[in-house]
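Open the model in your viewer and keep the sequence panel beside it. The stops below say what to select next and what is there.

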Amino acid sequence: MKLFRKIRNFFSPTLEYAGILYEAGQFRKAAKILRRHATNPAACLTLATMYENGQGVKKNVRAAVNLYFLSAKLGSPHAMLILGNYMRHGIYMEQRADGALAMFEAAARKGLAEAQYKAGLYYLRGHTGKKDPEKAFEYFEMAAEQGFAAAQNKLGLLFAGGRGTIQSDEDAVYWYKLAAEQGHGEAMYNLGCMLSAGRGTKRNNKEALRWFREAAKQYR
């Protein structure tokens, strides 16, 4: 089987082989193969990062951005997320909040948790217009259910304040705890506050202090 793979990759190099070369730091060889797979979103994405960082090719930001857009057009949620971040901060292109949100939402529809979280932030803070806590809640919930800690913390905040959803201290504690157990500092603090006040759970100052101490470690 190994011999067959070597023969196959000699005559028709695969994306899998390009990945092996990339991981081994053989960027020039990897780039040569990736160019042959220009209709593959993952190949475009990897090649884009190589042009952006000058790995095996001459650094070319314009080529990198074009490849990110091509990868996004071909359906890569990771390329959409990268472009959303660039539009958000005005990196390599004009700063555009509406364009960033469009990219985040496109990636969110593909199920990418980080994009769902960032789309939620845009609606929560009203970056493109009027704030929409209910829409923010929907996106945070999508990401939270995938285990994205920052989204779990935000979901807890919305439940605690009754923003975008019904007010529920019990649900707030539930989501804070999930995020805190993943090491999210703000969630640790929020959970400690709920425990010390006896909101949504039995009052427990000892446990609250433990979470406050854990939160403090995150900000040393």
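## Stop 1: Tyr in a helix

Select Y139, which is found in helix α9. Helices here (H or I, at least four residues) are DSSP runs, numbered from the N terminus. This is a predicted model, in which local features need pLDDT of at least 70 and side-chain atom pairs count only at pLDDT 80 or more, while totals for chains, interfaces and linings use all residues. Residues are numbered from 1 along each chain as its sequence is written, and side-chain values use heavy atoms, with hydrogens and water left out.

Is Y139 buried or exposed? Y139 is buried, with a relative accessible area of 7%. Buried means under 20% relative accessible area, exposed means over 50%, and partly exposed lies in between (1.4 Å probe, protein chains only).

Now show what surrounds Y139. Leaving aside neighbours within four places in sequence, Y139 is in contact with E105, A108, Q116, A119, G120 and Y123. Contact means heavy atoms within 4.5 Å.

## Stop 2

A salt bridge is a side-chain nitrogen of Lys or Arg within 4 Å of a carboxyl oxygen of Asp or Glu. K135 and E138 are three residues apart in helix α9 (residues 133–144), so about one helical turn separates them. K135 is partly exposed at 27% relative accessibility, and E138 is partly exposed at 40%.

## Stop 2: α9 against α10

Select α9 together with helix α10 (residues 149–161). The two pack at an angle of about 140°, with their axes 8 Å apart. Axes are lines fitted to C-alpha atoms, for helices over the stretch in contact, and angles run from 0 to 180 degrees between N-to-C directions. This makes α9 oblique to α10. Angles under 35 degrees count as roughly parallel, over 145 as roughly antiparallel, 65 to 115 as roughly perpendicular, and the rest as oblique.

The crossing of α9 and α10 is left-handed. A crossing is left-handed if the near helix is turned anticlockwise from the far one by less than a right angle, and right-handed if clockwise.

Which residues of α9 and α10 make the contact? On the α9 side they are P133, F137, F140, E141, A143 and A144, and on the α10 side A151, Q152, K154, L155, L158 and F159. The residues of this contact of α9 with α10 divide into nine nonpolar, one polar and two charged. Ala, Val, Leu, Ile, Met, Phe, Trp, Tyr, Cys and Pro count as nonpolar, Asp, Glu, Lys and Arg as charged, and the others, Gly among them, as polar.

## Stop 3: α5 against α6

Next select helix α5 (residues 61–73) and helix α6 (residues 77–89), which pack at an angle of about 130° with their axes 8 Å apart. That makes α5 oblique to α6. α5 passes α6 in a left-handed crossing.

To see the contact, show Y68, F69, S71 and A72 in α5, which meet A79, M80, I82, L83, Y86 and M87 in α6. The residues of the contact of α5 with α6 divide into nine nonpolar, one polar and no charged.

Then select S76, in the loop between α5 and α6. S76 counts as buried at 7% relative accessibility. Leaving aside neighbours within four places in sequence, S76 is in contact with P41, L45 and S71.

## Stop 5

Select E114 and K118, whose side chains meet in a salt bridge (3.3 Å, N to O). Both lie in helix α8 (residues 113–125), four residues apart, about one turn of the helix. E114 is partly exposed, with a relative accessible area of 31%, whereas K118 counts as buried at 15%.

Select D98 and R96, whose side chains meet in a salt bridge (3.5 Å, N to O). D98 is partly exposed at 48% relative accessibility, and R96 is partly exposed at 36%.

## Stop 4: two loop residues

Select Y92 in the loop between α6 and α7 (97–109). Phi of Y92 is near 70°, a positive value in a residue other than glycine. Y92 is partly exposed, with a relative accessible area of 42%.

Finish with R36, in the loop between α3 (27–35) and α4 (41–53). R36 is exposed, with a relative accessible area of 52%.
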